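Dear colleague,

Please find below the structure that I am handing over to you, with its sequence.

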Amino acid sequence: MAFAMSATASASSLSFGRNVVDQRLKVAAPSARVVAPRPALQVENMVKIRFTRLGRKRTPFYRIIAIDSRKRRDGAPLEYLGWYDPVRKQSNLDAPAIKAWLGEGGPPSPPPPPPPRGGGGPRRR
């Protein structure tokens, strides 16, 4: 019984009415300073025309694709533009699609540098 009285006494001593004001919860009045809006940030996605490698070891086969320049070599392409088989020296190109991507600003990726000359490479057995 003593416990019940102390619980009611402590509950009655708490006040959650409007007359209780906490200094930390006061909200400052909005300032009259106006901030000018920033111009919209324009992001341009660069499209590149690349090879994506398929095939087995030492038997390369490449697809020619249009892809976002930030994606990896074997990433999901925007469009397939053809293929190239360096073993058989054959290729198949979709010329209208390639011209369309070049017209939209999709430059081909630069060719790789030539291999080093001389005996600096790994030995083959």
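In what follows, two residues are said to be in contact when heavy atoms of theirs lie within 4.5 Å. That is the sense in which the buried residues of helix H2 pack against S1, S2, S3 and S4. Please note also that this is a predicted model.

The mean pLDDT of the protein chain is 75, and 58% of its residues reach 70 or more. Among the elements, S3 has the highest mean pLDDT, at 93. The lowest, 50, belongs to helix H1, which spans residues 2-13.

The protein chain contains two helices and four strands. Read from the N terminus, these elements follow the order α-β-β-β-β-α. Of the 125 residues in the protein chain, 16% count as buried. The chain exposes about 11700 Å², and 58% of this area is supplied by carbon and sulfur atoms. Where contacts link residues at least 6 apart in the sequence of the protein chain, 25% of them join residues at least 24 apart.

The sheet

In which order do the four strands lie in the sheet? The sheet is open, and its order is S1-S2-S3-S4, with antiparallel pairing. S1 and S4 are the edge strands, each of them pairing on one side only. On average, neighbouring strands of this sheet are turned by 20° against each other, with direction ignored. As a general point, the strands of a sheet pair through backbone hydrogen bonds, in either a parallel or an antiparallel manner.

The individual pairings are as follows.

- S1 (residues 47-56) and S2 (residues 59-68) run antiparallel and are joined by ten bridges. Within this pair, threonine 52 has arginine 63 of S2 as its bridge partner.
- S2 and S3 (residues 79-85) are antiparallel as well, with five bridges joining them. Here isoleucine 65 stands opposite tyrosine 80 in S3.
- S3 and S4 (residues 90-93) are joined by four bridges and run antiparallel. Glycine 82 has leucine 93 in S4 as its bridge partner.

The two hairpins

S1 and S2 form a hairpin with two residues between them. Arginine 58 lies in the loop between these strands, and its phi is near 55°, a positive value in a residue other than glycine. In general, most residues other than glycine have a negative phi. Is arginine 58 buried or exposed? Since a residue counts as exposed when its relative accessible area is over 50%, arginine 58, at 78% relative accessibility, is exposed.

S3 and S4 also form a hairpin, with four residues between them. In the loop between S3 and S4 lies lysine 89. The phi of lysine 89 is near 60°, again a positive value in a residue other than glycine. Lysine 89 is exposed, with a relative accessible area of 66%.

Which residues of H2 are buried? In this helix, which covers residues 95-103, they are Ala97, Ile98 and Trp101. These residues lie on the same side of H2, because they cover an arc of only 100° around the axis. The face turned away from this buried side carries the exposed residues Pro96, Lys99 and Gly103.

The buried residues of H2 pack against S1, S2, S3 and S4. Returning to the open sheet in the order S1-S2-S3-S4, H2 packs on it and touches S1, S2, S3 and S4. The direction of H2 makes about 120° with that of S3. Just after H2, glycine 105 takes a positive phi of about 95°.

In summary, the chain holds an open antiparallel sheet of four strands, on which H2 packs with Ala97, Ile98 and Trp101 as its buried residues. When you consult the model, please bear in mind that helix H1 has the lowest mean pLDDT among the elements.

With kind regards

Methods
Residues numbered from 1 in each chain as written. Predicted model: local features only at pLDDT ≥ 70, side-chain atom pairs only at ≥ 80, totals over all residues. Heavy atoms only, no water. Buried < 20%, exposed > 50% of the residue type's maximum accessible area, 1.4 Å probe, protein only. Areas by Shrake-Rupley, 256 points an atom, 1.4 Å probe, with all protein chains shown as cover. Pairing = 2+ DSSP bridges. pLDDT = per-residue confidence, 0-100. Arc of directions from axis to C-beta. Axes fitted to C-alpha atoms, helices over the stretch in contact; angles between N-to-C directions.
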